[in-house]
Amino acid sequence: MPKPDSDLSNAINVADTESAKRVLAIEAGALSALADSLGEAFCQALDLMAGVKGRVVVTGMGKSGHIGHKIAATMSSTGTPAFFVHPAEASHGDLGMITTDDAVLALSNSGETTELADIAGYAKRFEIPLIGVTGGKDSALAEAADVALILPDIEEACPMGLAPTTSTTVMLALGDAISVALLERKGFSPDEFHVLHPGGKLGRRLIKVSDIMHAGDDLPLISSDSLMSDALIEMSAKSFGCVGITGPDGLLQGVITDGDLRRHMSTELISKKTSDVMTESAMSINPEMLVSVALGIMNVRAITNIFVTKDDRPVGILHIHDCLRAGVA
């Protein structure tokens, strides 16, 4: 028989799990309702934000303000310059941060947040586009906004219906939807994303081969009519364990690796021409290729080096250790 305290613990665990499931079910339903509610107003809001010369100024009070910080950060990292202005601070001088080249994205579930009055009034006075995100379709914010994005009629996941839970989840998701839609409108590329995310895992995933390859005098190259004695010297000097073979036109014709040396090992090796020993049509990669893709190629082919070519001319060489040092694995 289980002990009484064990029964109590199990009952508490079940209650906790059921509570969490109820919250997630309510919020999932609200996100579905939000998706169904998007329409012309959403597109109009995108038009306003995409059309400004300046930045999208995100504002909100309390929990909406916390969500606003995240929305501004997501926009900025996906090609839409944005920053957050606290509405209370705006009333004490920070309105000067907002220019006529900007657009304002104001968040308030009720739409009656008094701290937003000054920033909304400022936007109207100077004809700064104002987009309101609110659950109150007849609220002061909805009336003041040039475009009002009305949140669906949803219940808070808090059992008392008081703590902002579902409403902030929906605001956050709407901010992501706006950011991604703007990103796709602008054709924001992985290259641009990398410029804004040079650090961390995301930045490492977007490093190009040209960023870390060895080039110039570091390249182990020799002509196809050279003797193997010269090729061996070049291989030893550059320390990559291979040498690229180029023709009279400068194009990469093949590669000689340690494996090729073993296969052709004989007393006549050093007197042979490089063209007699090289592996023709060796694999090469483009300098614009992502390092993560190049690493995958090297892993599949079980090689440690790969030449980088542009228009079939060798411009670099990539070693698997370069990838690992760059944090790409």
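**Sheet, loops, cysteines and pockets in a predicted model**

Mentor: In this predicted model, three strands form an open sheet in the order 10-11-12, and their pairing is mixed. Strand 10 (284-285) and strand 12 stand at the edges.

Trainee: Why are strand 10 and strand 12 said to stand at the edges?

Mentor: Each of the two has a single partner strand, so one side of each is left without a neighbour in the sheet.

Trainee: What lies between strand 11 and strand 12 in their hairpin?

Mentor: There are 2 residues between the two strands, and Asp-311 in the turn has a positive phi of about 55 degrees.

Trainee: Why is strand 12 called largely enclosed by the rest of the structure?

Mentor: The cut-off for a buried residue is under 20% relative accessible area. In strand 12 (residues 313-319), 5 of the 7 residues are buried, so the strand is described as largely enclosed.

Trainee: What makes Glu-127 count as exposed?

Mentor: Exposed means over 50% relative accessible area. Glu-127 has 71%, so the residue is exposed. Glu-127 lies in the loop between helix 5 (117-125) and strand 4 (130-134), and has a positive phi of about 55 degrees although it is not a glycine.

Trainee: Which class, buried or exposed, applies to Ser-239?

Mentor: Ser-239 has a relative accessible area of 60%, and is therefore exposed by the cut-off of over 50%. Ser-239 is found in the loop between helix 11 (228-238) and strand 7 (242-246). Although Ser-239 is not a glycine, its phi is positive, at about 60 degrees.

Trainee: How do you know that Cys-242 is in no disulfide?

Mentor: A disulfide requires a pair of cysteine sulfur atoms within 2.5 Å. For Cys-242 the nearest cysteine sulfur, that of Cys-323, is 14 Å away. The count for the model comes to 0 disulfides.

Trainee: Why is Cys-242 called buried, while Cys-43 is called partly exposed?

Mentor: Cys-242 has 4% relative accessibility and therefore counts as buried, the cut-off being under 20%. Cys-43, at 40%, counts as partly exposed, because that class lies between the limits of 20% and 50%.

Trainee: Which residues are closest to the centre of the largest pocket, and what is its volume?

Mentor: The largest pocket has a volume of about 400 Å³. Among the 18 residues of its lining, Val-255, Thr-257, Ala-282, Ile-303 and Asn-305 are the closest to the centre. Strand 8 (252-257), helix 12 (258-263) and strand 11 (305-310) each supply at least two lining residues. By class, this lining has 9 nonpolar, 5 polar and 4 charged residues.

Trainee: What makes up the lining of the second largest pocket?

Mentor: By class, that lining has 3 nonpolar, 7 polar and 2 charged residues. The second largest pocket has a volume of about 170 Å³. Of its 12 lining residues, Met-61, Ser-64, Asn-109, Ser-110 and Pro-164 are the closest to its centre. Helix 3 (63-77) and helix 7 (166-186) each contribute at least two residues to this lining.

Note on methods
Residues are numbered from 1 along each chain as its sequence is written. This is a predicted model: local features need pLDDT of at least 70, side-chain atom pairs count only at pLDDT 80 or more; totals for chains, interfaces and linings use all residues. Side-chain values use heavy atoms; hydrogens and water are left out. On a 1 Å grid over the protein atoms alone, a cavity is a set of points where a 1.4 Å probe fits but cannot get out, and a pocket is an open set with protein on both sides within 12 Å along at least five of seven lines; lining residues have an atom within 4 Å of a point. Grid points are joined across faces, edges and corners, and a volume is the space filled by probe spheres set on the points. Helices (H or I, at least four residues) and strands (E, at least two) are DSSP runs, numbered from the N terminus. Ala, Val, Leu, Ile, Met, Phe, Trp, Tyr, Cys and Pro count as nonpolar, Asp, Glu, Lys and Arg as charged, and the others, Gly among them, as polar. Buried means under 20% relative accessible area, exposed over 50%, partly exposed in between (1.4 Å probe, protein chains only). Two strands pair if DSSP finds at least two bridges between them.
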